[in-house]
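Trainee: I am new to this structure and would like to go through it slowly. Could we take it one question at a time?

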Amino acid sequence: MDVASFLRQSSVLVVAGKGGVGKTTVTAALARAAAQAGLSVLVVDLEGKAGVPTAFGHDTALEYDEVVLVDETGTTRSADRPAGRMAGTAAGEPIPPGTVRARRITPDDALLEYLADHGMRRISKRLVSSGALDVVSTAIPGIRDILVLGKVKQIERSQVADLVLVDAPATGHAMTFLSSAKGLLDAARSGPVRAQAADVVELLSDPARCQVVLVTLPEEMPVNEVVEAAYQLEDRIGVALGPVVVNACLADRPALRTDPSAAAAEVGATLTTGQAAALDAAARFSLHRQAFQQEQLDRLADELPLPQLRLPDLVSGSIGPFELDILTTALSHGIEHLPDVPGVPSGPGLR
Ligand SMILES: Nc1ncnc2c1ncn2[C@@H]1O[C@H](COP(=O)(O)OP(=O)(O)OP(=O)(O)O)[C@@H](O)[C@H]1O
Ligand SMILES: [Mg+2]
């Protein structure tokens with residue numbers, strides 16, 4: 001499937017998964033792939049970490065103000081300067097095609113904006129700085145989540161970007177994050193909380209507007225967790241699921257199956273018995289890891305009927321622009337090989 005068509009299937013992609021599996025890395029790679037395919041992209045970070053900017057070559061954590069990660073020329077720009085000043089456009093204006101911007105959304109920011117939009121600008125700053133949100137969120141569990149998702153919905157509705165990518169919190173919290181709106185909708189009979197919750201539920205249950213991309217590793221526990229998370233997301237939240245991204249896959253290396261002494265002899269070298277034994281042991285260890293990985297990938301395919309997008313294990317512990325390019329190429333390649341059918345499995349598709 002063509003990368004642009006694939007990434008245009010839904011205006012919001014929420015990237016979710018267990019802690020540390022590569023959600024932020026995959027968010028960055030999806031953003032890069034989408035921009036390369038000509039889409040305008042807004043990355044939404046919820047935690048104020050520097051992972052996404054770092055992948056684009058910057059070291060500043062994201063803040064409320066939008067920053068440019070990839071500009072119109074396809075190059076990255078300093079993430080520590082507000083996009084508005086740099087490009088001469090205010091945040092909230094349409095993002096140009098082929099570019100990536102990013103910002104952070106916190107419940108406090110979202111509440112401030114909500115109050116300002118509803119004619120309470122004068123009191124909003126004082127309310128937020130007084131810690132009123134803490135009081136409200138104790139009284140109404142889930143209010144923080146729907147404030148943030150409500151803001152995501154507002155961004156989506158304003159159509160400033162072709163694709164909004166949300167780097168979600170780790171699975172346990174993500175489940176609460178995404179299910180809060182439904183809970184509040186059941187609890188609140190009327191009023192602004194219900195209206196906001198209803199809007200969020202509407203966003204989450206429309207596959208053309210929002211899908212969740214689950215990220216996992218080709219390992220036993222992460223595979224178990226992603227399968228469970230996928231069914232819970234469908235059953236409890238009714239959100240559509242895109243392909244599952246299997247991050248950090250070991251490459252198949254057929255050379256590991258050759259005899260070290262024979263391979264050395266082919267290039268005119270002779271190995272000592274100790275060298276040959278050490279190489280043989282290393283090769284057997286790697287083959288064992290590959291076989292185990294394959295088992296997990298097969299199990300994932302059996303237990304979760306979603307297409308898989310596999311990304312390579314880059315060994316390097318940190319993801320910068322060089323690594324991001326490799327991952328983006330692999331991701332785009334995987335997308336191009338997805339079945340060319342409109343829509344991805346959603347709703348009852350898992351059962
Ligand atoms: N394909 C890969 N190859 C090698 N290292 C990777 C790969 N993907 C991610 N990493 C590294 O693994 C670590 C975790 O990745 P990342 O921060 O993207 O995960 P996360 O799911 O967002 O974590 P958290 O739950 O803490 O937000 C990082 O150090 C990252 O640089
Ligand atoms: Mg992260």
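Trainee: Which residues in α5 and in α6 meet where these helices come together?

Mentor: Bear in mind that this is a predicted model, so that each answer describes the model. On the side of α6, the residues in question are Arg121, Ser124, Lys125, Leu127 and Val128. The residues of α5 that meet them are Asp108, Leu111, Leu112, Leu115 and Ala116.

Trainee: Are α5 and α6 roughly parallel or roughly antiparallel to each other?

Mentor: Helix α5 covers residues 107-117 and helix α6 covers residues 121-129, and their axes lie 8 Å apart. The angle at which they pack is about 160°, and α5 passes α6 in a right-handed crossing. Angles over 145 degrees count as roughly antiparallel. The two helices are therefore roughly antiparallel.

Trainee: How are α5 and α8 placed, roughly parallel or roughly perpendicular to each other?

Mentor: The axes of α5 and α8 come within 8 Å and cross at roughly 65°, and α5 passes α8 in a left-handed crossing. Angles of 65 to 115 degrees count in one class, and α5 and α8 are therefore roughly perpendicular.

Trainee: Which residues of α5 and α8 make that contact?

Mentor: By class, the contact of α5 with α8 has six nonpolar, one polar and three charged residues. From α8 come Arg144, Leu147, Val148, Gly150 and Lys151. From α5 come Pro107, Ala110, Leu111, Glu113 and Tyr114.

Trainee: What is the arrangement of α8 and α10, oblique or roughly parallel?

Mentor: Helix α8, residues 143-158, and helix α10, residues 192-204, have axes that come within 9 Å and cross at roughly 60°. Angles under 35 degrees would count as roughly parallel, and 65 to 115 as roughly perpendicular. The angle between these helices therefore makes α8 oblique to α10.

Trainee: In which sense does α8 pass α10, left-handed or right-handed?

Mentor: The contact is made by residues that include Ile143, Ile146 and Leu149 of α8, together with Val193, Gln196 and Ala197, among others, of α10. By class, this contact has seven nonpolar, two polar and three charged residues. The crossing in which α8 passes α10 is left-handed.

Trainee: Which element gives the most to the shell around ligand 1?

Mentor: The ligand is surrounded by 20 residues, and the closest are Gly19, Lys23, Thr24, Thr25 and Leu314. By class, this shell has seven nonpolar, eleven polar and two charged residues. Two elements, α2 (23-36) and β8 (244-249), each supply at least two residues of the shell. The one that gives the most, with three residues, is α2.

Trainee: Which element of the chain has the lowest mean pLDDT?

Mentor: The mean pLDDT of the chain is 88, with 92% of its residues at 70 or more. Over residues 82-89 the pLDDT is below 50, although this stretch has 15 contacts in the model beyond near neighbours in sequence. Among the elements, β8 has the highest mean pLDDT, 98, while the lowest, 40, belongs to helix α4.

Methods
Residues numbered from 1 in each chain as written. Chains lettered and ligands numbered in written order. Predicted model: local features only at pLDDT ≥ 70, side-chain atom pairs only at ≥ 80, totals over all residues. Near = placed C-beta within 6 Å. Helix = DSSP H or I, 4+ residues; strand = E, 2+ residues; numbered from the N terminus. Nonpolar A, V, L, I, M, F, W, Y, C, P; charged D, E, K, R; others polar. pLDDT = per-residue confidence, 0-100. Contact = placed C-beta atoms within 7 Å. Axes fitted to C-alpha atoms, helices over the stretch in contact; angles between N-to-C directions. Left-handed = near helix turned anticlockwise from the far one by under 90°.
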